[in-house]
Amino acid sequence: MSATTELIDQLTRKGLTDPDRLWQYLAEHGGPAKLPHDVNQVAELFVRDGLLTSYQAQQLLAGSEEPLVVARYRFLHPLGEHTYLGQRPDGRRAVLQMRSPQAPRPVTRPHPHLIPILDFDTQNGRFFVIREYVEGRSLQDRLDDEGPFPPVPAARAILDAARGLSHLHVAGLAHGNLEPGHLIEDVTGTVRLLPGIGGSAEDDLLALGQTLADLTGRRVLPPPLQAVVEGMRSAEMVIATLEGWLREVAPPPLVEPKRPSSQGALPLPDLTRQPEVLHEPLPDEPPASQLPLLLLAALTLLTLGSAMLLWWVE
């Protein structure tokens, strides 16, 4: 079996592409015999035309035994150490993280500020945690790119994290791994927690304060934020404190949106300018130029009526 034939066989055997799509592609190119003789060139052709990703081609050409498909998710490319972006045939994406089977199961629950676990799977003796893919970036990445957060954006981010923690704590769970790198800001500006490792609610609250200090560069903070940094008794207290402070310093509609609007900015009205009153005659109101004539006519009719009344009485 030639190297090109072996490469084509692995595409279907490992589940990296749909067989019907592959055979249609080969038929459109005149069959396998018409492909380049160099297997590396064939791999480059498959990457160019979307049958493989660069990462998949590298693994196949190297003869790697690492899994490339887990729970029907095809590995697209690495996201970090032992962490990969995967995609199912229906287009759904997820993050696949390889962990030790002896490691504690990750802690999460369904909630708008918690990233859920979708599945677990084992391939070739390797244990994978499959979690929802969130398009965005971590707060640590934003911190590295933009520098310390101003107080209001930092308070919003910690408020979102506190809401997720509250949901865990009410269920008797804890996160145990809270830090800027484990908080993901999605494309809508919502901050969500990656799955945790467990621990205590007290440690979560201390970590929440530490995270706020890290985000703001340990600058002097307003008293409510400083109180969060120093630690509070519950996530609910953090939520109430930050919500109250944000209502005071950035009440709607003056609060800056988390993401700029796709529409152009509208000009603000000039509240100091007196409105210009435009007067238009009502339908039954005669124009001003006709008023003298109408008054004269009315006076004439009144005089004539009075004379007729006196004649009748006499």
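**Close-up views of a predicted model**

View 1. Strands (E, at least two residues) and helices (H or I, at least four) are DSSP runs numbered from the N terminus; two strands pair if DSSP finds at least two bridges between them.

**View 2. Strands S4 and S6.** S4 (residues 93–99) and S6 (residues 126–132) run antiparallel and are joined by 6 bridges. Arg-99 has Phe-127 in S6 as its bridge partner.

**View 3. Helices H8 and H9.** H8 (residues 223–230) packs with H9 (residues 235–249) at an angle of about 160°, their axes 9 Å apart. Axes are lines fitted to C-alpha atoms, for helices over the stretch in contact, and angles run from 0 to 180 degrees between N-to-C directions. H8 is therefore roughly antiparallel to H9 (angles over 145 degrees). Pro-224, Leu-225 and Val-228 of H8 meet Val-238, Thr-241, Leu-242 and Trp-245 of H9 (contact: heavy atoms within 4.5 Å).

View 4. Mean pLDDT (the predictor's confidence in each residue, from 0 to 100) is 84 for the protein, with 80% of residues at 70 or more. Over residues 259–286 the pLDDT is below 50. Residues 308–314 also stay under 50, with 0 contacts beyond four places in sequence.

Residues are numbered from 1 along each chain as its sequence is written, and side-chain values use heavy atoms, leaving out hydrogens and water. Local features need pLDDT of at least 70 and side-chain atom pairs 80 or more, whereas totals for chains, interfaces and linings use all residues.

Conventions
Parallel < 35°, antiparallel > 145°, perpendicular 65-115°, else oblique.
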